[in-house]
Amino acid sequence: QVQLVESGGGLVQAGGSLRLSCVASGRTFSTYAMGWFRQAPGKEREFVAAVRRSDYADSVKGRFTISRDNAKNTVYLQMNSLKPEDTAVYYCAAGPSTLASINNPRLYDYWGQGTQVTVSS
């Protein structure tokens, strides 16, 4: 069992930056594939980034950076040059290291409660 707790969301102006953190419980954190997803009102949950191969959605490439610190059981999402369309609830997710598709939310087993990111224009 893994519990995930996100933090770092907030309100920021367009062009600004935020860093999200996701702290995981459990002693086997390093064995999990970790990813970030987001969901805007009225839209489906969408892939943002995964740390296994540093994969990113096209919409955030060059602006967002995912990283993990296994010693701290933490995965980060550094978000720069934020745009109003980045506004969403951001979720951290953990899944098996053998995930067939890192951008498919249905393959992840554990989810955090989400943190709101709002980018004003």
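**Briefing: sheets, core and a disulfide**

Setting aside neighbours within four places in sequence, Leu77 is in contact (heavy atoms within 4.5 Å) with Leu18, Arg19, Leu20, Trp36, Val48, Ala49, Phe64, Thr65, Ile66 and Tyr90. You are looking at a predicted model, in which local features need pLDDT of at least 70, side-chain atom pairs count only at pLDDT 80 or more, and totals for chains, interfaces and linings use all residues. Residues are numbered from 1 along each chain as its sequence is written, and side-chain values use heavy atoms, with hydrogens and water left out.

**The four-stranded sheet**

- An open sheet is built from four strands in the order β1-β3-β8-β7, with antiparallel pairing. Strands here are DSSP runs of E with at least two residues, numbered from the N terminus, and two of them pair if DSSP finds at least two bridges between them.
- Four bridges link β1 to β3 (residues 18-24) in the antiparallel sense, and Glu6 stands opposite Cys22 in β3.

**Strand β11 and its partners**

- β2 (residues 10-13) runs parallel to β11, and four bridges join the two. In β11, Thr118 is the bridge partner of Leu11.
- β9 (residues 88-96) pairs with β11 in the antiparallel sense over three bridges, and here Tyr90 has Thr115 as its bridge partner in β11.
- Buried means under 20% relative accessible area, exposed means over 50%, and partly exposed is in between (1.4 Å probe, protein chains only).
- Val12, in β2, is buried at a relative accessible area of 13%. Beyond its neighbours within four places in sequence, Val12 contacts Ser17, Leu18, Leu82, Thr118, Val119 and Ser120.

**The nonpolar core**

- The largest nonpolar core has 39 residues, and Leu4, Met34, Trp36, Leu77, Met79 and Tyr90 touch the most other members. Such a core is a set of buried Ala, Val, Leu, Ile, Met, Phe, Trp, Tyr and Cys residues joined through side-chain atoms within 4.5 Å.
- Two or more residues of this core come from each of β3, β4 (32-39), β5 (46-50), β7, β8 (74-79), β9 and β11.

**The disulfide and a buried loop residue**

- The count comes to one disulfide (a pair of cysteine sulfur atoms within 2.5 Å). Which residues does the disulfide join? Cys22 and Cys92 are linked, with an S to S distance of 2.1 Å.
- Cys22 lies in β3 and Cys92 in β9, so the pair ties together parts 70 residues apart in sequence.
- The link of Cys22 and Cys92 is left-handed, with -75° about the S-S bond.
- Cys22 is buried, with a relative accessible area of 0%, and Cys92 is buried with a value of 0% too.
- Asn73, in the loop between β7 and β8, counts as buried at 17% relative accessibility. Not counting residues up to four places away in sequence, Asn73 touches Cys22, Val23, Ala24, Ser25, Gly26 and Phe29.
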